Amino acid sequence: MAAVIPLSALESRPRHEVDREADARPKALNERVVPGRLSELAGGRSSGRTTAAVSLVIRAQSLDEPVVWVQPRNGSLYPPDLADSGVDLDALYRLDRRGSIAERLHTAVREHENVSQEFKAWVADLLDFFEATKQCLDREEATLADSDRWTREEATRDCIAEAAPIVCERLNRASVELTDFVADFEDDEHGQHRRFYRRHLCKFYHRAPLLHRAYYKPLGYAGDYEMMNMLYRDHGEGDTLFGKVLNVYACQEAAAQANINRIKYFNQRIRALLSENPERRLRIASIGCGPSHEIRNLLEQHPDLGDRIDIALVDQEERAIEYCERTLAPLAARTGARIHFIGESIRRLLTARSLGQALGKRDLIYSAGLFDYLSDRSFEALLRALYSATAEGGHMYIGNVNLATNTTKWAMEYASDWYLIHRTKEQLLDLARSLPTDPRILEVESEPLGVNLFLHIAR
Ligand SMILES: C[S@@+](CC[C@H](N)C(=O)[O-])C[C@H]1O[C@@H](n2cnc3c(N)ncnc32)[C@H](O)[C@@H]1O
């Protein structure tokens, strides 16, 4: 709604009229101009409209509000006068430049022209593949609309089983082709190609709930505990048959499968250590534990091992810890496992020097899906802190995605805006050289795909 504020009335209203207003105080101009509402300052030639508008600009700038001044070409605005009055001209100019449609359009067109014809043709081909498969799967789904629920669900499972291999083959190939196109790009080329790719392809990729969540990051980052849950449960989820098939594709990509393989990997490491130490309860810690499926899996498959473990689960995400409590506390009660749920950022524990207090000495400390977000400096600092929390004779396993084998790197970045710090075996070994004492064992292992590396350190 627009308001007209007659400046003449503001200046000349008789005192008794103004006083009738609610607070009996004449409202200042800036109080009458309500934010988010269009206000017109009305007045004749000598009513001081420019002066009034300038005072509003100064007031809005003092509140850090963005301000633009729009006027006809060759309008009356004389910038030095504004500056003299206290207007921040730089801020006004910055917005003015941003406001130039022609300039923005030129930038968009330049960017469009910088994307190579080969890349455009490749995207167009992939886009047509998506259109064709979506059309076909939508039609299949429509034929099931009137069936009973049991028939529909069974037919949907069959459709997914038949369609997924075809879609996966094409999209896995697309990941490799994308790598060939972009792996050697400079940053600005990535920006241009990524925007082009997303403009055309994300509406399809994001039909997969996993990729949608990775891209939109409802908890503020990709790789949250619910994304891990998505990997560990039935992959055929989505709001349409097409979405379900796409989700199966997303969950079979190299990085996703490597993630799933972690469960078995840690399960085996824990059981091996338990059988090496048959006499006592093992003290374990999982750092950045997420939903802790490996522990759930271990206790469900081997309930007899419950009274052999004491585990600290650390995650900065309150919801992840709540999820662990809900799923694991009943299992702990049934099996005798001791589980400590620590909803705290490992960085905070480090800076507050309370890591030792929270963990004590542990026989096994592991972390997966956390160190590949840390810079080398933070990696080394956390590694040293965890090493000091490892008991003599104890082990650490630190996961990091492998630079040399993750064929999904570029697809993750382009389609899901999901960035990891990939590292090689040698880089992981180098980072471990910052430890204060030489470990008994220093090696790099991996899950079967070789995509998730694990720095294994024994004290
Ligand atoms: C990719 S998930 C991996 C979860 C689990 N380790 C797994 O393999 O399934 C990473 C987890 O680390 C947690 N995380 C990230 N930064 C953290 C920090 N500074 N301190 C503690 N947890 C953190 C996230 O909340 C998330 O649950």
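1. Start with I311: I311 stands opposite I339 in β5. Six bridges join β4 to β5, and the two strands run parallel. Here two strands pair if DSSP finds at least two bridges between them. Strands (E, at least two residues) and helices (H or I, at least four) are DSSP runs, numbered from the N terminus.

2. A word on the model: it is predicted, so local features need pLDDT of at least 70 and side-chain atom pairs count only at pLDDT 80 or more, while totals for chains, interfaces and linings use all residues. Residues are numbered from 1 along each chain as its sequence is written.

3. Now zoom out to the sheet. It is open, has seven strands in the order β5-β4-β3-β6-β7-β9-β8, and its pairing is mixed. At the edges sit β5 (338-343) and β8 (441-446), each pairing on one side only.

4. Next, the ligand. Of the 19 residues around the ligand, G223, G288, G290, E317 and G369 come nearest. A residue counts as near if its C-beta atom, placed from the backbone, lies within 6 Å of the molecule. At least two residues of this shell come from each of α12 (225-232), β4 (309-315) and α17 (346-351).

5. Where does the ligand lie relative to domain 2 and domain 3? The ligand lies between them, because domain 2 (116-252) and domain 3 (260-458) both give residues to its shell. The domain bounds come from an automatic or database domain assignment.
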